[in-house]
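Subject: Handing over the structure

Hi,

Here's the structure I said I'd pass on to you.

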Amino acid sequence: MKNTRSTAARYVSLCLAAVLFVPLAGAAELARPDAARYLDHVKYLAAPELKGRGAGMPELEEAGRYIAEQFRNYGLQPGMNGTSFLQPFTVTTGGRMGAENQFLVKSGAGETSLEPGQDYVPVNFSSSGQFAGQVVFAGYGISSDEFGYDDYFHFDVSGKVVVVLRYEPKIFANKRRGARRRYSHHAHLISKAINARDRGAKAVILVNGNLDGNKDDLVKFGAVSGPDDSGIAMLHVKNKVVDRWLSSADTSLKQLQAKLNKGETNSFSLPEDLTISIEIDIERERATLHNVAGYLPGRSEEYLVIGAHYDHLGLGDQSSLAPSKIGTPHLGADDNASGTAGLIELARVFSMRPDPLERGILFLAFSGEETGLLGSAHWVENPTHPIEDVIAMLNMDMIGRVSKSKLYVGGTGTGNTFTDLLSGLEGSHPFELSFSESGYTASDHTSFLPKNIPVLFFFSGLHGDYHKPSDTWEKINTDQAVEVVNFIAGVASELIAADHPPEYRKISGASHGGRPSGGGGGYGPYFGSIPDFAPVEDGVKFADIRPGSPADKAGLQGGDILKQFGDKPISNLYDFTYALRDSEVGDVVEVTVERGGETLSMKVTLEQRR
């Protein structure tokens, strides 16, 4: 949406703004953010027409162009070498079933062909290619020391096609830690796939079994959480198909499931004349996303980064907390139109400052945050200005729903001057501040920490509309949100005017009081690595290592790419997560990493999670 104000209107606005300058401690006077402008930006970004600003959607690109236009109107320099406000990067946004999917079943009764979409569907993280082999049944496909249960105990599935039931035995419910979790992580489809793959299976066939009266529906392609490629073929097949196979062994899903639900394992090979030949064709969908960068120069080459992500969940995906509403725009007013509107307002008020800045400010609107901090990860590896000149990074993510005047500020320990700076601003804002020294939470400032850049993260708290279509602009607490933006303006003013920039400090331990982190942290023993969400071809790249952690004691470093964890190959973050969950406190695990072209092996002693 272009700004069409006339020159006269612009002059009137500037004159009005001139009387709104208010003093900030130790810094030049600065205009206050404007509530009406702020809310207009939120309304635009969270409008139903923008359909939730999902990765790969044209509406997300429209939002990016809108932000760039605001930066241009405020006289910011294009952040990409002075020529463009948009920094492109390519991501995988999903996949779709190709035209070459085939499923042939051969038995003594002849050959039959199954119909994709009706009899079966590939799971979206399945490997593509041709797979064939003898069929075996492996219960729920679970191996768990926690529950004293193993469907693969003394059962070799190497080179076989493994049939497994969905979810987990009912007896697990009596032993499960954490009453709020309906299922343990063993029920996750990616967990079943990794377990079978690590035992040499060629393919996994998932079957619903008896779901307490629910329909025998196939999973929707693209709706299952997992990596792009799990390294094994996985398909979901209708009950009636698998029951025909089991009848040749004089049993049925109902009979087998009744035994398994009591905790009895029952894995076996089906008749040798039953073989399966599968061709899986999944076309990976890729899209070009854009960070939006606008630069306001200062007297020195040093500059402050102020950031917020402008993407959200689009029409909903596996991250939706209203799964029945997937397909409906998840509007993301608080997450994170609220922070993006704040970014735009800060660009406006700093561009109107009457005197030149002591240091510059780079305003960065990130894309790809919801799919793994991809935009910020791309920027720190491909900075639009010299990254060694960044003095600090301020991040706004969900600042629009302040409750009881409480505001969370993370990363206070990452800069040696932050505590004194924030204390000096006491009285200039209406908030009760809740501090966290660590900067590691699931938002874009985390990407800056491995580059030894101090960060501050501003967050107004979670609420019942988080990651739901009900996160709408009407629920934004505009007056309080503008006070947050004004407070951040004060912090930024102090940083750009300071005699010396803050020195980076590495903080050990997990953070508290911020947004929930992804990746399933909190289960299994403590390792101490911070994953780099930028994709690598194979393995898990560490963005950083927590000081004093088991990984640190073993000599692991940021930038290492984990390839092997004990006897388990590591291809992606899911492999690492499940390998760690299957380990015990006190285990000494030999890990293999790549570092600068070398392959190194180290022994890590796992500890109790802190």
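Let's start with the second largest cavity, which is lined by Thr414, Ser438, Gly439, Tyr440, Leu449, Tyr504, Arg505, Lys506, Ile507 and Asp544. Keep in mind throughout that this is a predicted model. Sorted by class, that lining has 4 nonpolar, 3 polar and 3 charged residues. The space inside the second largest cavity is about 40 Å³. How many cavities of 30 Å³ or more are there? The count comes to 2. If you're wondering how one finds such things, rolling a probe the size of a water molecule over the atoms shows where empty space is left.

Next, some helix packing. Two packed helices are described by the angle between their axes and the distance between the axes. Take helix α5 (residues 189–197) and helix α13 (residues 573–581): their axes come within 10 Å and cross at roughly 85 degrees. An angle from 65 to 115 degrees counts as roughly perpendicular, so that is what α5 is to α13. Which residues make the contact? From α5 you'll find Ile190, Ser191, Ile194 and Arg197, and from α13 there are Tyr574, Asp575 and Tyr578. By class, this contact of α5 with α13 has 4 nonpolar, 1 polar and 2 charged residues. While you have a helix on screen, here's a handy bit of background: an α-helix has 3.6 residues a turn, so residues three or four places apart point the same way.

Stay with α13 for a moment. Is it enclosed or open? It is largely enclosed by the rest of the structure, because 7 of its 9 residues are buried. The buried ones in α13 are Asp575, Phe576, Thr577, Tyr578, Ala579, Leu580 and Arg581. As for what covers these buried residues of α13, the list includes α5 again, along with the strands β23 (529–531), β24 (540–545), β25 (561–565) and β26 (568–569).

Back on the α5 side, have a look at Asn195, which sits in that helix. Asn195 has a relative accessibility of 12%, so it counts as buried. Leaving out residues up to four places away in sequence, Asn195 touches Gly141, Ile142, Ser143 and Tyr152. Asn195 and Tyr578 are 383 residues apart in sequence, but their C-alpha atoms are 9.0 Å apart in space.

Helix α2 (residues 35–45) packs with helix α11 (residues 478–497) at an angle of about 105 degrees, and their axes are 10 Å apart. α2 and α11 are therefore roughly perpendicular to each other. The α2 side of the contact is Ala35, Tyr38 and Leu39, while α11 brings Thr478, Ala481, Val482 and Val485. The residues of this contact of α2 with α11 divide into 6 nonpolar, 1 polar and no charged.

- Asp335 and Asn336 are joined by a cis peptide bond, with omega at about 0 degrees. Asn336 lies in helix α8 (residues 333–351).
- Arg53 isn't a glycine, yet its phi is positive, at about 55 degrees. You'll find Arg53 in the loop between α2 and α3 (58–73). Arg53 has a relative accessible area of 0%, so it is buried.
- His154 also has a positive phi, near 55 degrees, in a residue other than glycine. Look for His154 in the loop between β10 (149–150) and β11 (161–165). With a relative accessible area of 73%, His154 is exposed.

Asn81 is in the loop between β3 (77–78) and β4 (86–97), and at 69% relative accessibility it counts as exposed. Then try Val135, in strand β8 (residues 129–137). The C-alpha atoms of Val135 and Leu421 are separated by 66 Å, and the two are 286 residues apart along the chain. Val135 is buried, with a relative accessible area of 0%. Among the residues Val135 touches, not counting those up to four places away in sequence, are Val161, Val163, Trp245 and Leu270.

Cheers

Notes
Residues numbered from 1 in each chain as written. Predicted model: local features only at pLDDT ≥ 70, side-chain atom pairs only at ≥ 80, totals over all residues. Heavy atoms only, no water. Axes fitted to C-alpha atoms, helices over the stretch in contact; angles between N-to-C directions. Helix = DSSP H or I, 4+ residues; strand = E, 2+ residues; numbered from the N terminus. Parallel < 35°, antiparallel > 145°, perpendicular 65-115°, else oblique. Contact = heavy atoms within 4.5 Å. Nonpolar A, V, L, I, M, F, W, Y, C, P; charged D, E, K, R; others polar. 1 Å grid on protein atoms, 1.4 Å probe; cavity = no way out; pocket = protein on both sides within 12 Å on 5 of 7 lines; lining within 4 Å. Points joined across faces, edges and corners; volume = space filled by probe spheres on them. Buried < 20%, exposed > 50% of the residue type's maximum accessible area, 1.4 Å probe, protein only.
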